[in-house]
Amino acid sequence: MRFDVVIIGGGAAGLMCAIEAGRRGRSVVVLEHNGRVGRKIEISGGGRCNFTNTNTGPKNFISANPHFAKSALARYTPADFVALVERHRIAYHEKKLGQLFCDGSSRQIIEMLLRECAAAGAEVRTNCRVEDVRRGEGFEVLTSQGAFFCESLVVATGGLSIAKVGATDFGYRLARRFGLKVVEPLPALVPLTLSHEDLAALRPLSGVSVPSEIRCGGASFAENLLVTHRGLSGPAVLQISSYWARGDALRVDLLPGRDALEILERGREHGADAAPLLSRHLPKSFAQLFCRLHAPPRPLRSYTAAELHALAERLHDWRLTPAGTEGFQKAEVTKGGVDTAELSSKTMESRRVPGLYFVGEVVDVTGHLGGYNFQWAWASGHAAGRYV
Ligand SMILES: Cc1cc2nc3c(=O)[nH]c(=O)nc-3n(C[C@H](O)[C@H](O)[C@H](O)COP(=O)(O)OP(=O)(O)OC[C@H]3O[C@@H](n4cnc5c(N)ncnc54)[C@H](O)[C@@H]3O)c2cc1C
């Protein structure tokens, strides 16, 4: 079976690459080991697929080379994907912060991609497990459905999160076997766990969500923090998890944009106690527990200036050191991946191995939460599709 282009992985990036290459008249086949394509698209965004973010820019991505993603992102923008969605009459809405979701089901995005593949003449094979790749004149791809020969081979096998929907380390293994460097793949956009001690202290707050700003690893995110029975989650925690390294403390501002000292001083003047006072600004159960842990157990009026300052400081800079992450089973993405220094940012082709391309999450480009990871998959798939 001979094709100009073989694409391993029928996810977001692989399908977009197939569409673009097929439109150019290349003969294309997508090889997907699952029984159907786009399983991660299906489960994304709570079943509604947050398919892009209108605020996408290079600042929304993490990579050892922060410039790498610029070229592909500039050549295939959120507006380009929205135009495709509109052409297929898929209804969508902005949830918040530029995040676009389907009104109906994420299946609509998969059906759209499959219709585009068919229109572009790209073949899609499911239940096709890729077992090995050999290089000769071109590439020989050995699969459970026989051998495929091609000139251009695109690896679109995604990251390691959620093995039960088909994630494998095949792309990383293949890259290493061809001599390409791989930045260590780690779980990202993932809930963080706490030590037994911290967990015991915070357990009564399990299920409580607090608006906050969290800083760590040079980044900061202002969104909700959720206390869980294992540790911390919620959008602010998922976002900061991509910047967190073992041993780092999270610095949590529980009153972002407000002056805790002024609130406490004013409360003291009016004879208030710390917990009821802070309950006006934080969920009541949270304020009560926080005060039990960090405020002297006396009326505010009896606090010394140093005690008042210390409590205000804690409210703006509450430090928590996570014990770890909940791992690839709970991570939304994988950070790290094929080192961008190995690839052309224009074509996504390997510099060492001409004809070999890597697109999507398998590459060391990781988006923030909010539709950015799909935008990278579309943009990088499209970039390669123009050259394969
Ligand atoms: C629960 C969840 C929700 C998410 N929600 C969002 C969201 O709303 N918005 C957003 O932007 N991002 C979201 N993401 C992230 C997003 O899904 C991924 O970043 C994106 O799917 C990456 O696209 P990809 O094509 O690179 O990889 P994938 O979509 O993972 O596709 C890779 C494909 O390769 C196949 N494959 C792997 N190994 C082999 C092999 N050896 N042979 C053949 N096939 C193989 C896999 O089965 C898979 O179909 C979410 C992720 C998860 C886990």
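This is a predicted model: local features need pLDDT of at least 70, side-chain atom pairs count only at pLDDT 80 or more; totals for chains, interfaces and linings use all residues.

Trainee: Where is Ser242 found?

Mentor: Ser242 sits in the loop that runs between helix H8 (235–241) and strand E16 (250–253).

Trainee: Is Ser242 buried or exposed?

Mentor: A residue counts as buried when its relative accessible area is under 20%. Ser242 has 4% relative accessibility, and therefore counts as buried. Its side chain also reaches the backbone nitrogen of Leu189, at 3.3 Å.

Trainee: Let us turn to the ligand. How many residues surround the ligand, and which are the closest?

Mentor: The ligand is surrounded by 33 residues, of which Ala13, Glu32, Thr168, Glu361 and Phe374 are the closest. By class, this shell holds 14 nonpolar, 15 polar and four charged residues.

Trainee: Which polar atoms of the protein lie by oxygen atoms of the ligand?

Mentor: For His33, a polar side-chain atom lies 3.1 Å from an oxygen atom of the ligand. For Gly166, a backbone N or O atom lies 3.5 Å from a ligand oxygen. For Phe374, a polar backbone atom is 2.8 Å from an oxygen atom of the ligand.

Trainee: How much of the accessible area of the ligand does the protein cover?

Mentor: On its own the ligand has 1,000 Å² of accessible area, and the protein covers 94% of it.

Trainee: Next, the cysteines. How many disulfides does a search of the whole structure find?

Mentor: A pair of cysteine sulfur atoms must lie within 2.5 Å to count as a disulfide. The search of the whole structure finds zero disulfides. Cys17 is in none, and the nearest cysteine sulfur, that of Cys117, is 9.9 Å away. Cys17 counts as buried because its relative accessibility is 0%. Cys128 is likewise in no disulfide; its nearest cysteine sulfur belongs to Cys150, 12 Å away. With a relative accessible area of 1%, Cys128 is buried.

Trainee: Which residues have a positive phi although they are not glycines?

Mentor: Asn127 is one of them, with phi near 55 degrees. Asn127 lies in the loop between strand E7 (123–125) and strand E8 (130–135). Met348 is also among them, with a positive phi of about 70 degrees. The place of Met348 is the loop between strand E19 (333–338) and strand E20 (356–358). At 0% relative accessibility, Met348 counts as buried.

Trainee: How far apart are Glu20 and Asp364 in sequence and in space?

Mentor: Glu20 and Asp364 are 344 residues apart in sequence, and their C-alpha atoms are 22 Å apart in space.

Notes
Residues are numbered from 1 along each chain as its sequence is written. Side-chain values use heavy atoms; hydrogens and water are left out. A residue is near a molecule or strand if one of its heavy atoms lies within 4 Å of it. A polar contact is a pair of N or O atoms within 3.5 Å; within protein, one must be able to donate a hydrogen and the other to accept it, and residues adjacent in sequence count only if both atoms are side-chain atoms. Accessible areas come from the Shrake-Rupley method with a 1.4 Å probe; for residues, only the protein chains shown count as cover. Ala, Val, Leu, Ile, Met, Phe, Trp, Tyr, Cys and Pro count as nonpolar, Asp, Glu, Lys and Arg as charged, and the others, Gly among them, as polar. Helices (H or I, at least four residues) and strands (E, at least two) are DSSP runs, numbered from the N terminus. Buried means under 20% relative accessible area, exposed over 50%, partly exposed in between (1.4 Å probe, protein chains only).
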